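Please read the following walk through the strand pairings and the nonpolar cores alongside the structure.

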Amino acid sequence: MKLLKYTFALLACAILTNCSTDNDDNEENLSGQSGDLILKFDNSVGDQDFIFGTTYSKSNSETFQLSNLKYIISNVRVTDNEGNTFYYPEEENVFIVSESNGNNAGEIYVTLNDVDAANYTQITFGIGIDQDRFALGADGQGDFLELASEEGMMWSWASGYKFVRFDGTFSTPSVTDEPLNVHMGSVGTSLDNYKEVTLNFPNTVLVREDSSPEVHIVADISKVFDGVMTANFADGYDQVHTDATETPIIATNIQSMFEVHHIHND
Amino acid sequence: MMYAHYPNTICNNHNSEAWFCDLCGCSTSSGSFGYGTLSNTNFVGLRYIYQNFESKAGIFSNSPISKETFNTVQLWAQVPINDSFYVTANVPYQDLTRKFEGERENLNGLGDISAIGWYKIMFYKKKITDSTAIDYSLTKEPSGHSIQFGIGVKLPTGTFEERLADNVNPGFQVGTGSVDGVFSVGYNYGSDRIGVNTLFSYYLKGENKNNYQFGNQFSYSTNVYTVFSGEKMNVMPFLGLSGDVYNSIKQYDETLQDTDGSILNASLGSELAIDKFIFGANYSLPVSQSLFGDNVKSKQRFSVYVNFAL
């Protein structure tokens, strides 16, 4: 009887110690380590996963559907829990996120290689091309100039890059299935529409030599038209190209469309 | 210059709200399923459990649904040590199937073995205190009421596969990979006509090798049964309520969003005792549930068992 009681007590102790969390890996030495950080861009319209050819409603009783959805991301950097910021190497730090390159779940992967191992809490990136990169001239763009041309993300070199490209059709109470083309960018050096966005991670992103965390970023396309400001097709936002009034409104709306939904460490 | 590349696989590590391992295959040793027979007798037996779930494989309202079916066969037993102590043990075999976008995936193997040691306190009828009468009876008469305290452990005998943790539904595992502690308290009442079983259990979850720590869990169940005695058999139909409350899952000591939840089930069933054999069946339907940001829905569960009374 006594023996049983002791066995019971011993078992209880064993369980309690087993289940307590040990924090002995806090003193991890990360210097010299690096790993991959994967950004998964996932386009949505409100709480719906974005799908080509689906008709979506917006304000002002207008609808749209898209057959082309692309945007340029650049100057990606991440900040760790000690306030240090890791800048991805500049010449590599420009990407085209294109819905047509998504996997079955509509996610577009951007893999950042050789990111310093650290505990990251925040990400910052730009939408489009900043004036400094543009000032490097056509030769300074490396292979990206050719890629952007192939992807239809350029006007002429003088006018520069299209930062975003939404092509499709729209309907309003008075017109049906008219062409929709929203191509926003900076216009040479005269109009700067480059914007940056900083997003906090809901959990710490642990980049290590042997683990590649994933950051799931949702881009809500409905915000392009119903964001900080409202852009109605009936008011001329069905064709947005280099207009000095319209493009800054689209740029401001796009700046607010990104959200880090969740992250994965493993 | 980089091109956003695009592995043409379904989303790896799909979403945080899908970490619900302890709800599914691995959880069949949970207290909300019960540890034994209605009459709290000692036994050794086999139990089969069928459960199905639907979970949203994605973060959007139009994300596709994955359907999971969990088949579990358990060797389970309640073995006495002496009048006050007994042990319950559970050795599960898991067979899990998931259907997602036309693909079928199957996983099977030994699950997580658990064992609980119990200390039972029986209550006896009060004797009439009459100083003039002499009590000749040597045995105390049981009142039918008893309470039990249990301490146990769930072992990581089921293989926790890291590659599956990267899947759409990381709950698709035969084991949690963690050592968990189980603390239980139960109350039983049984007469020859009716009975009540109530059980409360708390699970202290350990961290597994992937640095996941499933949320601590509180399980409860209560069953009310009646006894119809025949010459050769007893039939004991029962009605019950059971439920689980899950705390959030932690990874690297940080809480993951949308990983907590609760479920309340109503169940209906019966036991049939013939000689030393007890046959049982139990059908449960969720009455209310809010699991993991409502991305997981328990549909139903069904179990049948045959026990041999010791």
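**Hairpins, sheets and cores**

S17(B) and S18(B) form a hairpin with 4 residues between them, and B:Phe292 in the turn has a positive phi of about 55°. Strands here are DSSP runs of E of at least two residues, while helices are runs of H or I of at least four, both numbered from the N terminus. Two strands count as paired if DSSP finds at least two bridges between them. The model is predicted: local features need pLDDT of at least 70, side-chain atom pairs count only at pLDDT 80 or more, and totals for chains, interfaces and linings use all residues. Residues are numbered from 1 along each chain as its sequence is written, with chains lettered from A and ligands numbered from 1 in the order in which they are written.

Strand S17 (residues 277-291) of chain B runs antiparallel to S18(B), and 9 bridges join them. S18(B), residues 296-309, also pairs with strand S2 (residues 43-56) of chain B, in the antiparallel sense over 13 bridges.

Strand S4 (residues 85-100) and strand S5 (residues 103-110) run antiparallel and are joined by 8 bridges. In this pairing, B:Arg98 has B:Glu105 in S5(B) as its bridge partner.

Chain B also holds an open sheet of 3 strands in the order S10-S14-S15, with antiparallel pairing. Its edge strands, S10 (212-213) and S15 (254-255), each pair on one side only. S14 (residues 250-251) meets S15(B) over 2 bridges, where B:Gln251 is partnered by B:Glu254.

Chain A has 5 helices and 14 strands. Of its 266 residues, 39% are buried, meaning that 20 or more other C-beta atoms, placed from the backbone, lie within 10 Å of the residue's own.

A nonpolar core is a set of buried Ala, Val, Leu, Ile, Met, Phe, Trp, Tyr and Cys residues joined through C-beta atoms within 7 Å. The largest one has 63 residues, of which A:Ile72, A:Ile73 and A:Ile250 touch the most other members. Strand S4 (residues 63-80) of chain A gives the most to this core, 8 residues. Beyond its neighbours within four places in sequence, A:Ile73 is in contact with A:Phe95, A:Val97, A:Val110, A:Phe125 and A:Ile127; contact requires C-beta atoms, placed from the backbone, within 7 Å.

Notes: A residue is buried if 20 or more other C-beta atoms lie within 10 Å of its own, exposed if 12 or fewer, and partly exposed in between; C-beta atoms are placed from the backbone. Two residues are in contact if their C-beta atoms, placed from the backbone, lie within 7 Å.
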